[in-house]
Amino acid sequence: MVFSSFAFLFCFLPAFLLVYLLVPGLWKNRVLFAASLVFYYYGVREHPFYVLLMLLSILVNYGAARCMVRCRRKKGRNLCLAAGMGWNIGCLFVFKYLDFVSRNVNLLLEQTGTAARLPYVHLVLPIGISFYTFQISSYLIDVYRKEGKAEPSLLTLGTYLCMFPQLIAGPIVTYSQVQRQMREREHSFWNLEEGLREFTIGLTLKVLIANRVGSLWTWTGSIGYESISCPMAWLGIAAYTFQIYFDFYGYSLMAKGLGTMMGFDFPDNFHNPYLSRSMTEFWRRWHMTLGGWFREYVYIPLGGNRSHPYRNLFLVWMLTGLWHGASWNFVLWGFSLFLLLLLEKRGLKKILDRLPVLGHLYMLLVIPLSWLMFAVNDFSQFRIYLTRLFPFLGQTTGAVYHGDFIKYGSACIWPMAAALLCCTGLPRMLYEKKKYSAPVTFGLVLLFWACAYCMYLGLDDPFLYYQF
């Protein structure tokens with residue numbers, strides 16, 4: 001179920017809030033758990049087994065954590081952790097990576113003339129599995145490290161894992177961040193109002209900006225990379241750069257707003273990343289909960305900056321690339337970011353920090369190029385797109401439509417301008433200063449109904465991060 005849909009906004013959410021706010025405190029987690037299962041079932045209704053898969057993940061990790069508490073010997077605790085993590089990573093591997101591995105092994109077998117082939121399972125990726133696997137794994141690891149307590153209530157742990165606001169696409173919330181709130185959280189009219197405001201801002205970013213600029217990227221693909229002009233190539237990748245940001249940022253704000261309505265304080269996921277002057281700074285501002293997860297549960301345990309930092313950085317970015325998708329373009333994306341970050345660690349960042357203008361120009365180039373690797377998974381098409389961005393790299397066959405950037409760009413000039421302005425953080429800063437004034441409140445109401453009108457016209461595209 002998409003947050004930016006009539007089914008969610010005018011059916012599911014009002015019904016849920018009505019029941020949730022009326023029931024006594026002891027029942028609120030039960031209502032949230034049941035509603036989350038309904039929400040998830042609606043999204044995977046063609047594959048209802050995936051609901052059972054998530055419930056099994058709750059049971060396995062609940063049992064593994066409780067066993068750790070009972071085990072006095074380290075060997076027993078290690079076995080409990082291995083069992084729980086084996087289930088978590090095993091499920092993620094089977095559904096997301098098994099066919100990718102089989103395909104590449106079969107290519108190698110074919111090259112060597114071996115007749116044997118690995119079978120393909122052709123499983124549909126369960127929605128949100130990458131996110132909830134990381135969440136429940138962090139809980140299990142924290143219990144193992146004795147940095148968090150094993151949750152005695154199966155219902156409470158289940159509610160944490162499948163909470164519908166951030167179940168599908170994050171933010172990735174560790175159990176230690178919300179453990180107290182799972183039992184003691186404030187429910188008030190202020191929370192409801194504050195959550196609705198945040199939700200409306202996220203909805204606006206998704207529907208009125210991300211969806212609109214995303215159409216420009218769609219048109220770029222429809223024309224065909226062989227036929228687009230150089231200005232259209234840059235305009236198209238700029239549109240995708242804005243789309244992926246406001247799509248995911250919008251979702252994160254909606255998730256945070258929904259959490260606030262229920263008394264939760266979810267962590268921020270973005271902090272004006274496009275104002276960064278280096279890739280190092282960018283990835284401290286972009287998808288901060290994912291970066292924090294990899295830092296806490298991969299980079300530091302490997303040794304962090306103390307032992308083999310470049311190796312650790314390489315492994316983190318290879319895993320980050322693969323986490324986003326089982327495809328070689330994501331591996332290339334992760335490796336390219338590793339190289340950029342390595343160059344910055346070797347001295348480039350000091351230069352960029354001393355020359356802010358140079359830093360912004362540098363990021364103006366590398367951010368869209370990094371997203372191009374993310375967006376185009378066919379290497380031949382990726383090469384063609386590069387020749388359109390940089391004609392001196394070589395010409396491709398096909399007639400070029402030289403007026404394309406005027407025709408298609410003019411149709412999205414206002415959403416692109418709004419996206420550029422919102423990237424500066426200025427609208428948010430002004431909003432925080434006047435957020436409770438009557439004009440701002442009235443403006444949010446107008447924006448909500450503008451979004452509703454766009455959804456009525458069919459502009460309720462799924463979130464990009466649903467596929468990860």
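This is a predicted model: local features need pLDDT of at least 70, side-chain atom pairs count only at pLDDT 80 or more; totals for chains, interfaces and linings use all residues.
Local features were taken at pLDDT of at least 70 and side-chain atom pairs at pLDDT 80 or more, while totals for chains, interfaces and linings use all residues. Residues are numbered from 1 along each chain as its sequence is written, and side-chain values rest on heavy atoms, with hydrogens and water left out.

Helix H14 spans residues 356-375; helices here are DSSP runs (H or I, at least four residues), numbered from the N terminus. Its 20 residues reach 28 Å from the first C-alpha to the last, close to the 28 Å expected, where the expected span is 1.5 Å times one less than the number of residues. Among the buried residues of H14 are Tyr 362, Ile 367, Trp 371 and Phe 374 (buried means under 20% relative accessible area, exposed over 50%, partly exposed in between, with a 1.4 Å probe and protein chains only). The cover over the buried residues of H14 includes helices H8 (189-223), H9 (230-261) and H13 (328-354) (contact means heavy atoms within 4.5 Å).

Turning to charged pairs, the whole structure holds 13 salt bridges (a side-chain nitrogen of Lys or Arg within 4 Å of a carboxyl oxygen of Asp or Glu). One of them joins Glu 194 and Lys 435, with the closest N and O atoms 2.5 Å apart. Glu 194 lies in helix H8 and Lys 435 in the loop between helices H18 (426-434) and H19 (438-456), so this pair ties together parts 241 residues apart in sequence. Both Glu 194 and Lys 435 are buried. Lys 435 also pairs with Glu 432 at 3.7 Å, and Glu 432 is partly exposed at 38%. Glu 194, Glu 198, Arg 428, Glu 432 and Lys 435 are linked in a salt-bridge network.

Definitions and conventions:
Helices (H or I, at least four residues) and strands (E, at least two) are DSSP runs, numbered from the N terminus.
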